[in-house]
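Please look over the sequence and the 3D view before reading on.

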Amino acid sequence: MHHDLKLDTAGGETPAFNMPHDDPDHPHSLLPSEPALRVKALETILTRKGLIDPAALDAIIDTYENKIGPQNGARVVARAWHDPAFRAALLQDADAILDEMGLNGRQGEHVVVVENTPERHNMVVCTLCSCYPWPLLGIPPGWYKSDAYRARAVREPRKVLAEFGVTLPDETAVRVWDSTAEVRYLVLPMRPEGTEGWSEDALVALVGRDSMIGTALATPASEAPA
Ligand code: FE
């Protein structure tokens, strides 16, 4: 019985929107026109039918809004800057480290950390859809899921970086990593100059979300939040 949960259809067969992997040509371009309204409608129906508990739903939303977010990834980066042994272990086998830190949840089962150096800048994209290390960075930003970023990050990474305000020296190569459902990448940005002797806590504040995707650099020491 699903007559009161009917989706818009075209020609009676094709749903008006697809899940990301259903249609490789238009993975995100066929969303319903009023997603918020439709989500609310679904939530109401599922609650009335006793299929979901609104309190449980609130707890999940709170988790992703407030508990899981870029602050987790920033902690990992700051610790790697602060502790050379941790950094080496992280680059060698991130999963073991993240397991220990309790940062190995859903959408982050297998993570590879790639380190920026003067010779190589790393940048992450999911060309197929929007794979992203949720336990470390939270929910991906809208631009990460956009058709433009997914196509252009691979084709013209330097131009995309410039639009994000990042201009790299000519001698720095750009390496683009394509995230998948199997492997998610986290960029370890270069530690800003002038932060020698800083505590791990102070370093955390220099690690923004985009620097761990590779579309930004770490915040310079002079711009550290007070
Ligand atoms: Fe994806």
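Predicted model: local features only at pLDDT ≥ 70, side-chain atom pairs only at ≥ 80, totals over all residues.

## The iron site

The iron ion is coordinated by the SG atoms of Cys126, Cys129 and Cys131, and by the N atoms of Ser130 and Cys131. These donors lie at 2.1 to 2.7 Å. Along the sequence, the donor residues follow the spacing C-x2-C-S-C.

Buried means under 20% relative accessible area. Cysteine 129 is therefore buried, at 5%, and cysteine 131 is buried too, with a value of 8%. Serine 130 has a relative accessibility of 18%, so it also counts as buried.

## Disulfides

A disulfide is a covalent bond between the sulfur atoms of two cysteines. The structure holds zero disulfides.

## The nonpolar core

The largest nonpolar core has 45 residues. Trp81, Leu90, Leu136 and Tyr149 are the residues with the most contacts inside it. Helix α3, which spans residues 70-82, gives the most to this core, contributing six residues.

Leucine 90 touches Val76, Ala80, Ile97 and Val113, leaving aside residues up to four places away in sequence.

## Helix α8 and its cover

Helix α8 runs over residues 147-155, and its buried residues are Tyr149, Arg150, Arg152 and Ala153. Tyr149 is also one of the residues with the most contacts inside the largest nonpolar core.

The cover over the buried residues of α8 includes the strands β4 (120-125) and β5 (173-178). It also includes the helices α7 (142-145), α9 (157-163) and α11 (209-213).

Notes. Residues numbered from 1 in each chain as written. Heavy atoms only, no water. Donors = N, O, S within 2.8 Å, 3.2 Å for Na, K, Ca; no water. Buried < 20%, exposed > 50% of the residue type's maximum accessible area, 1.4 Å probe, protein only. Helix = DSSP H or I, 4+ residues; strand = E, 2+ residues; numbered from the N terminus. Contact = heavy atoms within 4.5 Å. Disulfide = S-S within 2.5 Å. Core = buried A, V, L, I, M, F, W, Y, C linked by side-chain atoms within 4.5 Å.
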